[in-house]
Amino acid sequence: MASTTTPPWPNRARSTSLRDSYDSAEKMEGAGSWEALEWTKVEPDYRPSSHANLEILFDKERIMAEIASSDLNPYKSVKCVTGHGVVLVNTDEAGTLIVTNFRLLFLSEGTRNVIALGTIPLATIEKFNKMVVKIQSAPRQTEKPPSRRLLQIIGKDMRMIVFGFRPRTKQRRAVYDALLKCTKPTSIWDLYVFACGPSKFGNTNPKVRLLNEYFRLLGIKSRRASMSMIENGSFTLSNELWRISDINSNYTLCQTYPSALIFPRGFSDEEVLQASSFRARCRLPVVSWCHPKTGAVLARSSQPLVGLMMNMRSNADEKLVAALCSQLTGGKGTRRKLYIADARPRKNALANGAMGGGSESSANYFQSEIVFFGIDNIHAMRESFSRLRDYLDTHGATSSDGMSSFLRHGGWTWGGGNLSSMSASVSTLGDSGWLNHVQGVLAGSAWIAARIALESASVLAHCSDGWDRTTQLVSLANLLLDPYYRTLAGFQALVEKDWLAFGHPFQDRVSMPILSGSFELTRTTSGGNFPSSPMRQSTGSSQSQAANTSHGQNNYSPIFLQWVDCVSQLLRMYPFAFEFSLAFLVDFLDCMLSCRFGNFLCNSERERQQLEIADSCGCLWSYLEDLRAKGRSHPHYNVFYDPAKHSGALLPPAAALAPTLWPQFHLRWACPSEAQSGEIDAHCRDMALKLSESQKAKEEAERKAKEISSSIESLKAQLKNEKLRNTSAINSAKKTSRENEAIKRAIQSLGCKVTFTNGGDCAVDISSDLRNSSSKSDGSLLQEDKSDMSLSISFADDSGNSVNQICESLCPLRRRDGACRWPDAGCAQLSSQFVGLKANYDAFDRLSINDSYFDA
């Protein structure tokens, strides 16, 4: 993220880091780690803030903090950035702390770049505490050292950070009050998500998207949902087994269910009303997913209200559950088996009977079997998550007390220290129970998917209220059964259907700052019984003050985060089956926890409709889609995705369900170097991109090669034709040359001198010696015969009318009256005289002499 250019300010006098100071103080005086930094020697930083130049701020994001003390800040009339010279204890980095209406920003002191560890959205903060650490005086030290002013921030994203402030200032108070103000808004409209508005990340109504998913499940491919269809109620379509009902269009049937529900086709709305009263919070059995070929379904509900004696029954509920078990395809009237999957431990289900709840009896539900999965409730998940977070902070590389895990427990190290201590620290990871809980959810979902895929059985899943463990099991089983949900578009449809539409209480479970007004910030530690860090003990007395609100912490639980963790385990198990990557899941969780978009606000579809969330806030899905607009080279795409390898259901065996920590999410703050396993994906993505570019270059080269080859073939054909023409011309020239030589010899045999010019003209000079040597009376000279031609020429000298005499005696073309026919007679022009020729035309035919040779 780009930082702004700020005017140079005087450097603060900070000679040593907190950790270095701790080392030196420990050697010199033996005091605790917080003895070192001489906060009183740090000069106050009086700099006005340039808010207009903070390009790092989002649209509509504004700075809320203000230092109002006139004796501290001479720029009291300026609404300035508070917290200059703050130290991030985790990494010993100094910088500027800014509180906006959306997040807590920490900028480095020198570069003004955003430090990711110290920057956290306000909605991602689970709690924040003011802490005071009193340092014991060293021996013979007369001046009492000042107490350390700290602010601890604990996030819902596994983050624990601590900021240190200068003593005897009001910086920490200003930041603390700003956090209270922003996390406890007087009106929900003061939240950043509403102030920002939909902007460019608007999207269609979630009801429309839910109906489109219903149409896909029922195989109705010819219809597309619209708001007009919702308004006039024309979405109540059906196939041969199931129908879409609008009985809950006004949320009168169940306030936490969506407006459109899928029921068996033969089960009327009147019967639906009767059956709803037998389930907790009226969350009666409805279809979540149906197999397109076998007709098996995965249904969900809440617990039945059977009472303490487990003797209460409902004919309508039993009939509805039985209707979920349609006849087997080709089974000659045989009905499929029904499994009722109770996510709770059996003892918990029986204990709920004291409050009117309980579980079904297989005797009351035809051809059914009850199975208990033993998944703990939200309170156990919350404590487990808290223990895991404490474990990572205690044994991580950027611990919130500023001490490396290598130096903990008396100086032992991983390389050659106390192995029993190492084993004890590793065992605490198992004591947190988080991975065991993840494994339980994975195993239950895989069991459900196997029953539907292998036995063509129907499954009804529920817990107590049917919106926590039920949602985890049903949505994860959907992901295993349907390849569509393993695509980016399908993942969105799955989350919107089973988590948002069916009423997972995100406001309570994630502590979204809406309706109830704020977060719950009650506990001073994250929880659990992990060894305390030096910040929490041994260096003196420590006091903490937590921010308390009216919102009950008992409802907070990372149920959705745990489900995404399960998805990440499946993605690592089946890397070719998912279109999205682990990086996408991390960004998706960050967006959800940040409360930047309105998709996960409130507890139900009904509440979001009342607040008009879809029209007032931006859409998370549109934002993520905009990030991927550059193409499949984006990190959100899985470079290994191959849908042909896993075109059906994923059925992991029990031995494969051994979850591990999710490095990209669990370790990114505590162990940033070790969390970079995602770099393998990045390298593979770069290689895939280079391969794609190489393939494109290869295709372009092949195209050019084809063009060049085609051009060469064309040139070869032209060259061949040219050679043929050249050969023909040479042959013609040779033939003409032979003919010329023959004519030349024939004429020279008459005693004539023949000269051929370059222009093709022929000049013949008649020798006078030859004329005088003739003694025959008829004045004719007979040329000796040649093998190739016989030619006789009559001529006379220039004197008198000898030419006329020769013509009269030899020319066969003269008329009867003796008149000359020249030039029509075709006489040859020799020099300046005309001599009649009498040729042996048979010889000329053999020589193939053209008549044009004798033209004037």
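**Exercise 1. At roughly what angle do the axes of helix α4 and helix α14 cross?**

First, some ground rules. This is a predicted model, where local features need pLDDT of at least 70, side-chain atom pairs count only at pLDDT 80 or more, and totals for chains, interfaces and linings use all residues. Residues are numbered from 1 along each chain as its sequence is written, and side-chain values use heavy atoms, with hydrogens and water left out.

*Step 1.* Find the helices: α4 covers residues 206-217 and α14 covers residues 488-501. Helices here are DSSP runs (H or I, at least four residues), numbered from the N terminus.

*Step 2.* Their axes come within 10 Å and cross at roughly 110°. Axes are lines fitted to C-alpha atoms, for helices over the stretch in contact, with angles from 0 to 180 degrees between N-to-C directions.

*Step 3.* Angles of 65 to 115 degrees count as roughly perpendicular, so α4 and α14 are roughly perpendicular to each other.

*Step 4.* Now look at who touches whom (contact: heavy atoms within 4.5 Å). From α4, the residues include Arg209, Leu210 and Tyr214; from α14, they include Gln492, Glu496 and Lys497.

**Exercise 2. Classify the ring pair of Phe560 and Phe600, and say which parts of the chain the pair ties together**.

*Step 1.* Phe560 lies in helix α16 (residues 559-573) and Phe600 in the loop between α17 (582-594) and α18 (605-610), so the pair ties together parts that are 40 residues apart in sequence.

*Step 2.* Both Phe560 and Phe600 are buried (under 20% relative accessible area, with a 1.4 Å probe and protein chains only; exposed is over 50%, partly exposed in between). They also belong to one aromatic cluster, with Trp499, Trp563 and Trp621 among its members.

**Exercise 3. Are Tyr484 and Tyr485 buried, partly exposed or exposed?**

*Step 1.* Tyr484 has 28% relative accessibility, so Tyr484 is partly exposed.

*Step 2.* Tyr485 has a relative accessible area of 0%, which means buried.

Terms used. Rings of Phe, Tyr and Trp (its six-membered ring) pair if their centres lie within 6.5 Å; planes under 30 degrees apart count as stacked, over 60 as edge-to-face and the rest as tilted. Helices (H or I, at least four residues) and strands (E, at least two) are DSSP runs, numbered from the N terminus. Angles under 35 degrees count as roughly parallel, over 145 as roughly antiparallel, 65 to 115 as roughly perpendicular and the rest as oblique.
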